[in-house]
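Hello,

Here is the structure I promised to pass on to you. Have a look at it first, and then read on for what I found.

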Amino acid sequence: MVGARLVAIPVFVAGAAWLVSAEPALWRRIVLGAAGLLVPAFFLVEWLRFRRSGFTARAVPINLTIACLAQSVVTFASGGLESPFLYLAVPLGILAGVFVRGPASPAVVAFQLATVWASAWIGATGAIPDFNLAVFGGGPRVGGPPAYLYSHAAVISLVLRMAGVVGRAARATLES
């Protein structure tokens, strides 16, 4: 898994570079540009750490927590509920439920839910006028009325909550 992420670095950097060059919103260029540098840097650091120390008990929870944070930031910066990266939260939520112990596991899901509802609110209120990617049509939002955003957020929240529960149940089953 650690080595497989190295293959994703060029794809991730190319995608981030394309969006940074194509997007007119300065805040989005800064966030996606930072993610385009920090995520691959983290992948490289983890690969080097793994080569030096091997697999440790703390490595997976730390990696999943950072992955959930990075996915939420990239999702937010690429249109929130209308981002193509939103759905990556589901497998990350399941994996966090399996591999992240104690109160940190529900905290990861709570962070994901907060990102979803913040995105719904921003899309519905137009609080960030250029919230959606210009390459996807731009503007405060792409979809239908605010009720769509809130119902979408409710369904995504249910799925994320279920993902966390399934992950923790799988963990409990494996530990028994």
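The buried residues of α6 (146–175) pack against α4 and α5. Buried here means under 20% relative accessible area, with exposed over 50% and partly exposed in between, using a 1.4 Å probe and protein chains only. Helices are DSSP runs of H or I with at least four residues, numbered from the N terminus. The buried set in α6 consists of Leu149, His152, Ala153, Ile156, Ser157, Leu160, Ala163, Gly164, Gly167 and Arg171.

Before going further, please note that this is a predicted model, in which local features need pLDDT of at least 70 and side-chain atom pairs count only at pLDDT 80 or more, while totals for chains, interfaces and linings use all residues. Residues are numbered from 1 along each chain as its sequence is written, and side-chain values use heavy atoms, leaving out hydrogens and water.

How do α4 and α6 meet? They pack at an angle of about 30°, with their axes 6 Å apart. The axes are lines fitted to C-alpha atoms over the stretch in contact, and angles run from 0 to 180 degrees between N-to-C directions. Angles under 35 degrees count as roughly parallel, and α4 and α6 are therefore roughly parallel to each other. On the α4 side, the contact (heavy atoms within 4.5 Å) involves residues including Ala89, Gly93 and Gly97, and on the α6 side residues including Leu160, Ala163 and Gly164.

Next comes α5, residues 104–125. Its 22 residues should span 32 Å at 1.5 Å a residue, and the end C-alpha atoms are 31 Å apart, which agrees; the expected span is 1.5 Å times one less than the number of residues. Among the buried residues of α5 are Val108, Gln112, Val116 and Ala120, and what covers the buried residues of this helix includes α3, α4 and α6. Just after α5, Gly126 has a positive phi of about 70°.

Finally, the cores. A nonpolar core is a set of buried Ala, Val, Leu, Ile, Met, Phe, Trp, Tyr and Cys residues joined through side-chain atoms within 4.5 Å. The largest has nine residues: Leu81, Leu86, Ala89, Val116, Ala120, Leu149, Ala153, Ile156 and Leu160. Its largest share, four residues, comes from α6. Leu81 touches residues including Leu86, Val116, Leu149 and His152, leaving aside those up to four places away in sequence.

Enjoy exploring it!

Note on methods:
Helix = DSSP H or I, 4+ residues; strand = E, 2+ residues; numbered from the N terminus. Parallel < 35°, antiparallel > 145°, perpendicular 65-115°, else oblique.
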